[in-house]
Amino acid sequence: MHIRDFELDELPGAGKRSTWLDIAARADGGNWRLPLLTVTGAEDGPTLLVIAGVHGDEYEGIAAIPQVYSATEPQDLRGRLVMAPVCNVPAYEAAQRSSPIDDLNLARVFPGDKEGTITRQIAAWLCQKLLTHADFLMDLHTGGIAYDLPTLIGYVYDDGELGRASLQAAAAFGAPIMWGHPLPLPSGRSVSAATSMGIPSLYTEAPGGGCDPDVVGCFREGVMNVMKHLDMISGDLHRQQLTHHLVGDGNLDTVIHARADGLFQREVSLLENVEAGQRLGAIRDAAGAELAPVHADQAGMIIMLRSIPRVRAGDGIAHITQPIRSRL
């Protein structure tokens, strides 16, 4: 079935369904297809949309979603659980962050364009066919193979109704770090598209590059916790202890960039507090000569560091954010 013909509201009553939805034609004569897992509950309730694989080299969310699907039974569910474990199928097949077809980053093109290239089409269909029906969105990300981030839950930091709903769900998710982002959110993201529709949302980050069982478990339990928080299923929350509550724009496009090609050698660690101008490390050539020092652009806490030492000029190296007093 092509996704244009799919209607979420026309799914039969209580049940679990795994399907593939065609998005666009492939050069080999097949179709680019979106995998979709749905659980329709025996009772009415909210619709929770959970997506992963927006970046093709981020595997923990992709692994966690089938575990949530297996653990959720229609007779125990109030509402509807809708999950797309691999959104950016071209990037996933190539094991890279962005699509090899059009060189676009799916996390920067929402709400997309049904008449555009494959990445923009995926974003548009996700918005039209899934997000518009959702009462809450969760987008499961990690740092992929190139970036090192701590396990965290990101939310909309705002005193309005949407911000309060996001904050409460973030606390229920139970990650060790919460990171709030003031409005307006950076454009092009799934969560910014959701915000424009008035839909509360969360997203995750974590160390990437593999399928760490601890991260996969955190994501699985976090989704289940949010379902409990939304009164979709019953049970106690299983949360990790909160260690940090941070706030910042969350725009990992506005990071400290490499000023030269070479080998980045870090001299600081994730979650370390630094001062503005503090040395974070240096880029060196193959003989060890220093080509360019790397300094903090502001005071705060390091939330992201480059995990692949080999860098080219312009690559993101580090991002700094701010701790806040807990609002829980």
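Predicted model: local features only at pLDDT ≥ 70, side-chain atom pairs only at ≥ 80, totals over all residues.
Strand E9 (201-205) gives the largest pocket the largest share of its lining, four residues.

**The largest pocket**

**The cavity**

- Searching the whole structure turns up one cavity of 30 Å³ or more.
- Its lining is made up of Leu49, Ile51, Phe110, Leu126, Cys127, Leu131, Leu137 and Ser190.
- Strand E3 (43-52) and helix H3 (118-130) each put at least two residues into that lining.
- Sorted by class, the cavity lining comes out as seven nonpolar residues, one polar and no charged.

**Helix H6 and its partner H4**

- Helix H4 (residues 161-173) packs against helix H6 (residues 213-229) at an angle of about 130°, and their axes are 8 Å apart.
- Angles over 145 degrees would count as roughly antiparallel, so H4 and H6 are classed as oblique to each other.
- The way H4 passes H6 is a right-handed crossing.
- On the H4 side, the contact uses Gln168, Ala169, Ala172 and Phe173; on the H6 side, it uses Cys218, Phe219, Gly222, Val223, Asn225, Val226 and His229.
- Residues in this H4 and H6 contact split into seven nonpolar, four polar and no charged.

**Helix H6 and its partner H1**

- Helix H1 (residues 60-71) also packs with H6, at an angle of about 50° and with the axes 8 Å apart.
- That angle makes H1 oblique to H6, and the crossing of the two is right-handed.
- From H1, the residues involved are Glu60, Gly61, Ala63, Ala64, Gln67, Val68 and Ala71.
- They meet Val215, Val216, Phe219, Arg220, Val223, Met224 and Met227 in H6.
- By class, the H1 and H6 contact has 10 nonpolar residues, two polar and two charged.
- Phe219 and Val223 of H6 turn up in the contact with H4 and also in the contact with H1.

- Most peptide bonds are trans, and most residues other than glycine have a negative phi.
- The bond from Phe110 to Pro111 is cis, with omega near 10°, and Pro111 sits in the loop between helix H2 (89-94) and H3.
- Phe110 is also one of the residues lining the largest cavity.
- Leu183 and Pro184 are joined by a cis peptide bond too, here with omega of about 0°.
- You'll find Pro184 in the loop between strand E8 (177-182) and H5.
- Ala95 has a positive phi, near 55°, despite being a residue other than glycine.
- Ala95 is in the loop between H2 and H3, which is also where Pro111 is placed.

Conventions
Residues numbered from 1 in each chain as written. Heavy atoms only, no water. 1 Å grid on protein atoms, 1.4 Å probe; cavity = no way out; pocket = protein on both sides within 12 Å on 5 of 7 lines; lining within 4 Å. Points joined across faces, edges and corners; volume = space filled by probe spheres on them. Nonpolar A, V, L, I, M, F, W, Y, C, P; charged D, E, K, R; others polar. Axes fitted to C-alpha atoms, helices over the stretch in contact; angles between N-to-C directions. Parallel < 35°, antiparallel > 145°, perpendicular 65-115°, else oblique. Left-handed = near helix turned anticlockwise from the far one by under 90°. Contact = heavy atoms within 4.5 Å.
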